Amino acid sequence: MKITFDARTLRDSSGAVGRHYDGPFAEACRLLGGRRRQYHMGLFTGAENLEAAQAALTEEVARRLPFGAGTELLDIGCGVGGPACQLARDHGWSITGITVSTHQADEARYAVSDLGTGLGRVTVQHADAHFMPFTTSAFDGAYAIESLLHCTDKERVLAECRRVLRPGGRVVIWDLIARADLPADAFPLANLFGFQDYRDVCDRNGFEILLAQDRGEEIIPLSLSAFARLLDSEKHRATLHCCHQLARAFGAGHLGYALFQLEKRP
Ligand SMILES: C[S@@+](CC[C@H](N)C(=O)[O-])C[C@H]1O[C@@H](n2cnc3c(N)ncnc32)[C@H](O)[C@@H]1O
């Protein structure tokens with residue numbers, strides 16, 4: 001079912017997410033994102049460590065975007081820049097990252113000099129995915145890693161995404177999803193969609209779904225255990241609490257982690 005939100009509600013909700021990443025979450029993010037500055041869960045295939053698994057989850061984006069060097073890509077919710085730097089460096093892409101956190105935008109700019117981008121290029125803007133500050137058909141492709149969960153109006157974000165993509169543009173999304181009905185306030189500042197709702201919103205906004213998978217088992221349990229080992233029970237109480245809630249929801253069969261590969265319909 002399509003629900004519409006007014007612009008002020010969206011700006012307020014994105015502002016709250018931005019302040020969260022500017023403030024209470026910043027230090028925990030630094031810890032969980034590690035040296036490679038990737039603030040997301042990892043894709044585990046065996047006994048690799050968290051850092052390698054996070055890099056693997058990012059590389060999976062590249063496997064689903066058939067683009068050569070010099071291609072213009074949009075990173076929706078770029079965090080502190082680690083994924084964009086990895087992809088720019090390894091694939092020669094020219095990536096524009098957006099985040100609603102001013103602190104993260106600064107950190108991401110620093111990451112570009114710290115991590116390097118090889119022959120690729122990364123630029124970062126403080127911007128809201130509900131109101132993308134880009135001209136129509138500006139990008140060949142886009143990706144979003146664990147960021148759309150924060151977006152109040154996914155309908156609008158996908159419409160914006162379609163607008164800024166060139167014909168035939170591709171999108172890859174990794175995101176937490178609800179496997180069963182979760183209370184709307186189950187996780188603070190998050191609005192988790194079910195797998196089918198996600199497919200429907202992509203379809204309604206002009207995207208062909210090339211691939212849709214729930215990969216929760218390969219991602220959630222080992223990522224949350226690795227996160228919990230890094231966090232201090234006193235200093236990071238809120239983040240640790242969130243990890244425990246996520247683990248409980250996964251254990252109860254309520255949480256998944258989806259990968260979508262989309263193509264803009266003509
Ligand atoms: C869990 S972090 C993931 C960061 C990054 N994708 C990574 O994998 O390292 C969520 C990110 O989504 C961004 N975000 C949330 N809502 C957003 C919005 N409406 N527009 C742009 N970015 C948003 C946050 O600012 C944050 O950077």
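A residue is called buried if 20 or more other C-beta atoms lie within 10 Å of its own, exposed if 12 or fewer do, and partly exposed in between, with C-beta atoms placed from the backbone. By that count S137 is partly exposed, because 13 other C-beta atoms lie within 10 Å. The model is predicted: local features need pLDDT of at least 70, side-chain atom pairs count only at pLDDT 80 or more, and totals for chains, interfaces and linings use all residues. Residues are numbered from 1 along each chain as its sequence is written.

Seven strands form an open sheet with mixed pairing, in the order 3-2-1-4-5-7-6. Strands (E, at least two residues) and helices (H or I, at least four) are DSSP runs, numbered from the N terminus. Two strands pair if DSSP finds at least two bridges between them. Strand 3 (121-126) and strand 6 (207-214) stand at the edges; each has a single partner strand, so one side of each lacks a neighbour in the sheet. From one strand to the next, the twist averages 15 degrees.

Strand 2 and strand 3 pair in the parallel sense over six bridges. Here I98 has Q125 in strand 3 as its bridge partner. The chain passes from strand 2 through helix 5 (residues 102-115) to strand 3, in a right-handed β-α-β crossover. Right-handed means that, with the strands pointing away from the viewer, the path from the first strand over the helix to the second runs clockwise.

Next comes strand 5. Strand 4 and strand 5 run parallel and are joined by six bridges. Y143 stands opposite V172 in strand 5. With helix 6 (residues 154-164), these strands make a right-handed β-α-β unit. Strand 5 is mostly covered, with 11 of its 14 residues buried. Strand 5 also runs antiparallel to strand 7, and nine bridges join the two. W174 has L259 in strand 7 as its bridge partner.

Seven bridges pair strand 6 with strand 7 (residues 255-264) in the antiparallel sense. F207 is bridged to K264 in strand 7. Helix 7 (residues 195-204) packs on the sheet and touches strand 5, strand 6 and strand 7; its direction makes about 165 degrees with that of strand 6. Contact means that the C-beta atoms of two residues, placed from the backbone, lie within 7 Å. Axes are lines fitted to C-alpha atoms, for helices over the stretch in contact, and angles run from 0 to 180 degrees between N-to-C directions. Helix 3 (residues 50-63) lies across strand 4 (139-145), strand 5 (165-178) and strand 7, at about 150 degrees to strand 4.

Two loop residues deserve a look. Most residues other than glycine have a negative phi. R37, not a glycine, has a positive phi of about 55 degrees. R37 lies in the loop between helix 2 (26-33) and helix 3. R37 counts as buried, because 24 C-beta neighbours lie inside 10 Å. S137, also not a glycine, has a positive phi of about 60 degrees. S137 sits in the loop between strand 3 and strand 4.

Last, the ligand. 24 residues surround the ligand, and the closest are H40, G77, G79, A129 and S147. The elements giving two or more residues to this shell are helix 1 (7-22), helix 4 (82-91) and strand 2 (94-99). Helix 1 gives the largest share, three residues.

Key
Near = placed C-beta within 6 Å.
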